[in-house]
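Please keep the sequence and the structure in view while going through the points.

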Number of protein chains: 2
Amino acid sequence: MKVMLEKSLSVDERPGPVFMERTYPPIERNTATFDPKVLQLLLDGVHVEIRNSVKQLMTQPEFRYYYGNDIALYRKKVLGWMKRIAETGIGRIVLPRSVGGEEDLPRFIAAFETLAFHDLNLIIKLGVQLGLFAGSIQRLGTEYHHQKYLPDAASGTLMGCFGMTEIGHGSNVQGLETTAVYHRPSDSFIIHSPGYTAGKNYIGNAADDGRLAVVFAQLEVNGKRHGVHAFLVPIRSENGDPLPGVTIEDNGLKMGLNGVDNGRIWFDQVKVPRAEMLNRFAEVTAEGQYQSEIQGQAERFFTMIGTLVSGRISIAATANSAAKSALTIATRYAARRRQFGSPKAIQESLLLDYPAHQRKLCPLIAKVFALDFALKHLIDLNETVHSGNSRPLETLAAGLKAVITWNTTQTIQICREACGGEGYLAVNRIGALKADTDIYTTFEGDNTVLMQLVAKNLLSELKDEIKGMRPAQRVRFFLDQRLGAIARRNPRFTFDIRQSHLRDPEFQVAMFRLRESTALFAAGRAFHRLICKNQLDHYAAFAHMQRELLDLAHAHIERTVLERFALLIRTMQPSPLKLVLKRLCDLFALSQMELNKGWYLEHGALSGLKSKAITKQVDKLCREVRPEAVQLVDSFGIPDACLAAPIAL
Amino acid sequence: MKVMLEKSLSVDERPGPVFMERTYPPIERNTATFDPKVLQLLLDGVHVEIRNSVKQLMTQPEFRYYYGNDIALYRKKVLGWMKRIAETGIGRIVLPRSVGGEEDLPRFIAAFETLAFHDLNLIIKLGVQLGLFAGSIQRLGTEYHHQKYLPDAASGTLMGCFGMTEIGHGSNVQGLETTAVYHRPSDSFIIHSPGYTAGKNYIGNAADDGRLAVVFAQLEVNGKRHGVHAFLVPIRSENGDPLPGVTIEDNGLKMGLNGVDNGRIWFDQVKVPRAEMLNRFAEVTAEGQYQSEIQGQAERFFTMIGTLVSGRISIAATANSAAKSALTIATRYAARRRQFGSPKAIQESLLLDYPAHQRKLCPLIAKVFALDFALKHLIDLNETVHSGNSRPLETLAAGLKAVITWNTTQTIQICREACGGEGYLAVNRIGALKADTDIYTTFEGDNTVLMQLVAKNLLSELKDEIKGMRPAQRVRFFLDQRLGAIARRNPRFTFDIRQSHLRDPEFQVAMFRLRESTALFAAGRAFHRLICKNQLDHYAAFAHMQRELLDLAHAHIERTVLERFALLIRTMQPSPLKLVLKRLCDLFALSQMELNKGWYLEHGALSGLKSKAITKQVDKLCREVRPEAVQLVDSFGIPDACLAAPIAL
């Protein structure tokens, strides 16, 4: 058979081709009631200056994205960006004053949050170097380590790794296999991987760039185990070769983040001097004795692990930035792309005018705002609880990390679908955002594990609260809680379907609280029953009630997020902006209630009629938010050079 | 500062390193009550022989996966695989008998479904060539086109494109801009792209390999428009250069499917002979007159588009295969990976023993089975409705395509998270499965658009049903429906919480039907009100009630899926396998009801107590399915060479 190949002839009855004029239709932008710059000021907060200087830097030509497929080249590019950022002294923001730093974590997180509008490989590379590597030296080490390592770590001169996760142990850090045996004759620790599964895994900077690693290992002194401690172990010479006794393997191609050189590391009897143990919480003395001010192996472990909190805050903040990028792209596209429409209309309808499309994007816009304000609260909290009970902080950091990263995954997915085929093209960046953030839900603590931690902490709080009570007090306490729950279930809350009521923050917060407290007492009762009646141990009891724990954790975090949002609005002066935020808060509250309507109905806290009214109210709020959608995403303040997606510019 | 680089010394007090023995722990496999081979026979069905020969071929060394990043090389690799498959004569299975084919679409789909266990780039490349390109010539063309093109298209000798989607028009095919003007003097059509947005977009085979394209364009004869028709237009010479008047641009890097050469095509007054119009449903005569047996432009259009049905079936089938691959990887990993555990236990617990992990995987396993059986029904239906009313077929094909591809996206996402960091490594293939299938939800008809089509078709069915009735009959019809709904809501259905009742298919199916019929009549009433009371036109009315339409479409497809599953079980002889499938069907039915519990509660169809009982029953079913989980995924029969993920082998 021959392919039909008659020459195509040009005929000139028709206008010539104009197909190379690739102008996108304009983005509809004139419909909002507020100035996005004003809202941006609110989002930028007190750290507007560092945000602006970061933006100024990352919009320079040298920060243009790399679109190729050469992994080696990509890693070099990301390393170059990282060093360029580090050189500016950003690392110093968070360093201790003793080594010339500012000790200003909130400012540092603001910088990170802004940097996350760029290629996420950069923020992960920076996070490994500054947050995990330098950060753990700072938080687990003492003056000796600070002086010796921090300045070079912060400037990117000394590239390092954070060697916690092992092949055999992802989330269960207490089960690590790597050993650090104190060797008296040489006054050193011998770091050793007893087998394949003891290899440190997914370690950023391991495959190419890292020269020094913070290694978490089971400390053994005089034949006695003292649990997991951290040690500084050199892994590469200055020329880049692995040192004797160190075996490094590249993790190879990943779903995303291929500009970051993750790898595996094994140690074969590698010796490090005693001083290289990070000894803030425990140390081995010159006499070869183990000592720690913290009694109990588990408590010591959790104190050390507690220093992961700021990492989780940063992860959550950067994940929310990624969701903002995707939402900006999808919303602007929806305000320019037309498809189908009334036969009577002059042009097809904007995607954003379809209720189904509004339903996809508007609640997500409201939610990233809600999560942004919750993050600001978490960052504040982190500043105030340096001493005292840190459990509420750990709980909120773990829970927000989980809820935000899941929300980011879901948001980017919906944005991809909302952009159709355009969303699938690399040039529009949603694919990269999705692939690079996908790991967020399982790293720095698997989300499902973290949410259980949240719930267990809440149960511990409850236990502490009732611990000191006499039996009669306890009965009254539970009765009060019951009565409180019943009181909160007043008939208005269950049946009133007027808009003024549905948009009343008192109603919304009460409903979120009801769900949380009901879940808390249900989990408490279940735990008590499993322990006392079914004679299970704590581990088995918690394993048995995982669903209840996850329900509780979600209810707690959602309630916290809503309360912070509602509080912010309550304290604002009347202004057009306040109305805009109030609408977003209503949409967040009611769309979450809609998602959880099964629970409310099941527990008799909503009538069927009211549940349906909430759905209609969400529809209405989506219509109300729609004219402001583009300005709302504009207020995220993402530079065009970072957004880069042609469909959004 | 100097990096600490003292030489690490080996000391020999400890056992030497054994870290290179990378043995994974065994996959726990001895817990099921049935032989997966027997279940596989049921899944393979009558087409076991073609499935086996496809497996035999694609497990040859030449089909080993490509893990590199060189896109040009990857495309060549995929093209090579495709040609190798095409050479075996697989294309002939579906060709008309007149050109030596078998006309056996079900067998062809079985082959496709099996091929989708391999790299999905291969199936998409094959789908473009055989399904879209050859398929449209077959379905829209006549004997002349069949004889001239089909043998070479089926063997991969003549590579081709399917030029429907345009830059300006994704889902709205009736709005295409490309024109085909009949030019009397040369007895030809002039194919022309009047502007940038008229370019054909995301066209598979366009960027590198395609030589002939099926081009959909607005036909104009003697100055009169006749709507969208298809034409065969050569686009490349035998040496691979674009022909004069044809401009081709590579779509560039994508989120996934980078082994497929998608591109954009513009035509500048390209002339093709009159015979190259695909003229099964309409043609231009030698006298230059337009004629068609189908009256009405819209009807003609939908007849042509109706031929997309088999493409949607294939897409759905291959998407379900991808979900099976991901579930096999995640389930096997969960049956070998241990993490945390009771302090009293000898070893940590298997992931699969955690209720939260069972909750992630088991309902998804049940659902892919349910969808598999529904697909088999759809394929049968497609064979029986070649004449007569094809609306139910189109409805089911559109709906199952949407529901299955969404389920695949969600399933792979959950599987990625269930595998933690391992799931993120390219070598374990979940990343590729996710990226390659992501576009499924928006191509071959955007899912949201398709679900609206489903709902509109159901409303049309309803309208047809009541059309001939006199007013009194109509009143009685609606009253009957109402009474039927009330009858189905018998108190047992609302309140009975015994296990025997919850697992009664009669109860389950009745509840799914109740939801569908309620949604149907609600949508019907809403439409009637919007048209009659609010005076909206059809377009505006449908746009206004998108949420209701989507609810209806989901309810309809879910009910259909459950009914097919329940029917299959009812017709099986008693056997251990029947019990296994019954459990999966219960899990599917009850976990879907749990997902939709908000609706049931809202409509008073479930009591709160019963809703909670359903949740507990889902927990219980997950526990019951857990020991069989590995054998269930084994029964998918995915060859190890295709699965490839080290964590699953």
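1. The buried residues of H3(B) pack against helix H2 (48-58), helix H4 (105-115), helix H5 (120-140), helix H6 (143-155) and E7 of chain B. Here contact means heavy atoms within 4.5 Å, and buried means under 20% relative accessible area, exposed over 50%, and partly exposed in between (1.4 Å probe, protein chains only). Helices (H or I, at least four residues) and strands (E, at least two) are DSSP runs, numbered from the N terminus.

2. This is a predicted model, in which local features need pLDDT of at least 70 and side-chain atom pairs count only at pLDDT 80 or more, while totals for chains, interfaces and linings use all residues. Residues are numbered from 1 along each chain as its sequence is written, chains are lettered from A and ligands numbered from 1 in the order in which they are written, and side-chain values use heavy atoms, with hydrogens and water left out.

3. Which residues of H3(B) are buried? They are B:Ile71, B:Tyr74, B:Arg75, B:Val78, B:Leu79, B:Trp81, B:Met82, B:Ile85 and B:Ala86. These residues lie on the same side of H3(B), because they cover an arc of only 160° around the axis (the arc is that of the directions from the helix axis to the C-beta atoms). An α-helix has 3.6 residues a turn, so residues three or four places apart point the same way. The face turned away from the buried side of H3(B) carries the exposed residues B:Lys76 and B:Glu87.

4. After H3(B) comes B:Gly89, whose phi is positive, near 90°.

5. In chain B, 3 strands form an open sheet in the order E4-E8-E7, with antiparallel pairing (two strands pair if DSSP finds at least two bridges between them). Strands E4 (200-203) and E7 (246-250) of chain B stand at the edges, each with a single partner strand, so one side of each is left without a neighbour in the sheet. E4(B) pairs with strand E8 (residues 263-267) of chain B over 2 bridges, in the antiparallel sense. The bridge partner of B:Ile203 in E8(B) is B:Gly263.

6. Chain A has an open sheet of 3 strands in the order E4-E8-E7, and its pairing is antiparallel. E7(A) pairs with strand E8 (residues 263-267) of chain A over 5 bridges. Opposite A:Thr247 stands A:Trp266 in E8(A).
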